[in-house]
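Please examine the sequence and the three-dimensional structure shown here before reading the explanation that follows.

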Amino acid sequence: MQLEALNVGFGYRKNNWTFRHIDLSLRKGEIVGLVGPSGAGKTTLGRILAGYEQPLEGTVKLNDAPLPKTGYHPVQLVFQHPEKAVNPKWRMKDILHEGWNPDDELLERLGIDRDWLQRWPNELSGGELQRFCVARALGPMTQFLIADEMTTMLDAITQAQIWQAVLDMAKKQNMGILVISHEAPLLDRLCSRIIDISSNVMREG
Amino acid sequence: MSILEVQNLSISFKKYSKGLRQEQNQVIHNLNVSINRGEIVAVVGSSGSGKSLLAHAILGILPGNATVTGNIFYEGQLLTEQRKEELRGTEIVIIPQSVKFLDPLMKIGSQVQTSVRKRNAVTAQKKIFEKYKLHPTVEKLFPFQLSGGMARRVLVSMAVVSEASVIIADEPTPGLDMEVIKEAENSFRELADNGSGVMIITHDIEFALKVADKIAVFYAGTTVETAPVSDFSGKGENLRHPYTKALWRALPQNEFIPIKGSQPLANDMPAGCPFAPRCEQATSECSEGLPEERYIRDGMVRCIYAT
């Protein structure tokens, strides 16, 4: 069981590659960090792995097959800005239940208050919204999670809260996680290895 | 004497709840903070806790439905709305969060030149660009053409050329890589060494510890503790407030242990200490009003049990 990028390249203009020849593989149950300077294409690579974007060259494979085009996507992406990732015209409970129905235990672990389910997205802060975005991405059919600066804008307590819950779920469901972050101590704490996108070399952590 | 002093600041917003019914939503409660010349103070708090409003209150750029009480002093003199208007952009400047605060239709070079007051605008701008390794071609660019790191350097250079005495940086770090962050650290220190007072508003406690002299910890609309940077060490034994201790323990390089619950929302504040519902030491006395500020061991704390 693995998620693979083979010789992937992407760019927005002709002859202007954001990155090329990226090879990356993520096994189930493995937590890997992805680092690189601003503008190196970390987020774009995350979007490609989660099927939001098609690479200009190369392929992405999940368990040796192409990514599925319909149904619940086995590779879930959690974005940096939760306020841009929720439908402003849906109540929080509808947003949360779009993919699956998380149990009360998970909601409690993520610190989601029952009252919040009845609210609209604009009535919650970024940190509160991000808890919902994490919960909805952790469904039983999720095999891989891409955490793109998932906790960058949160305070340390909320960050630890969310990650502890995610790590537990990942262990239970044997999920693989790709952590995109600038924060070295967080990556050291979470990841078994770290990939640098700018040099595309791996360093074992 | 402190160059900027905020005393008992409270901010509330008037908003419509249902139909024409209005309600007051208090987001900042009795906040105190002060900055001396040559000092960097970091105000650390989670996003959504209303800490940017502090900057906006100092500059007098809050929206019309905001009510502000309390006093702000600049060089010992009370800052009235009129004085704020005179001083902002000259004596007190803000380094905003993003290039969205720049004029989108004005080229970077001339935009930076508008901030220069005392010297020749063009030479000052050219000099500062050289210092921050901004290529001369950047002058001719528009804000949307800048990368994140370049934008940050442009915004900082605008604050530097203004030679203001108080500089407020609002969330200077999100999404920047280590190299640019290092650069930001140096530029803030340089500003302080030139005699300015610098206030950095951030959620990034690691960055705050690297760059600041003093940390003010912001929770649910008020500062619960002010401590010198050196107190953030070991297991946090020297810290005063249980929230600050929990924050320190939750860092990935420390124990990475969270505490339960979440910060109360502005319209749902507990009576008394805002941290009491999440605090292990809390007793019934903690719900009897916001704890007064107490000064212990070179720092301030709002907790009746702090020692």
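Residues are numbered from 1 along each chain as its sequence is written, while chains are lettered from A and ligands numbered from 1 in the order in which they are written.

Confidence is expressed as pLDDT, the predictor's confidence in each residue, from 0 to 100. Chain A has a mean pLDDT of 88, with 97% of its residues at 70 or more. Helices (DSSP runs of H or I, at least four residues) and strands (runs of E, at least two) are numbered from the N terminus. Within chain A, strand 8 (residues 176-180) has the highest confidence, at 95, and strand 10 (residues 201-204) the lowest, at a mean of 43. Over residues 201-205 of chain A, pLDDT stays under 50. Where pLDDT is low, the predicted coordinates should not be read in detail.

Chain B is assigned domain 1 (2-16 + 23-91 + 164-301) and domain 2 (102-163), with bounds that come from an automatic or database domain assignment. The C-alpha centres of these two domains of chain B lie 29 Å apart. Residues are in contact if their C-beta atoms, placed from the backbone, lie within 7 Å; by this criterion, domain 1 of chain B contributes 10 residues and domain 2 of chain B nine. Helix 6 (residues 178-193) of chain B supplies four residues, the largest share of the domain 1 side.

Next, consider two helices of chain B. The axes of helix 4 (residues 121-131) and helix 5 (residues 148-161) of chain B come within 10 Å and cross at roughly 130°. Axes are lines fitted to C-alpha atoms, for helices over the stretch in contact, and angles run from 0 to 180 degrees between N-to-C directions. Helix 4 of chain B is therefore oblique to helix 5 of chain B; angles under 35 degrees count as roughly parallel, over 145 as roughly antiparallel, 65 to 115 as roughly perpendicular and the rest as oblique. Ala124(B), Gln125(B), Ile128(B) and Phe129(B) of helix 4 meet Ser157(B), Val160(B) and Val161(B) of helix 5.

Finally, the contact between the chains takes 24 residues from chain A and 27 residues from chain B. On the chain B side, helix 5 and helix 8 (242-249) each supply at least two residues.

Terms used: This is a predicted model: local features need pLDDT of at least 70, side-chain atom pairs count only at pLDDT 80 or more; totals for chains, interfaces and linings use all residues. Two residues are in contact if their C-beta atoms, placed from the backbone, lie within 7 Å.
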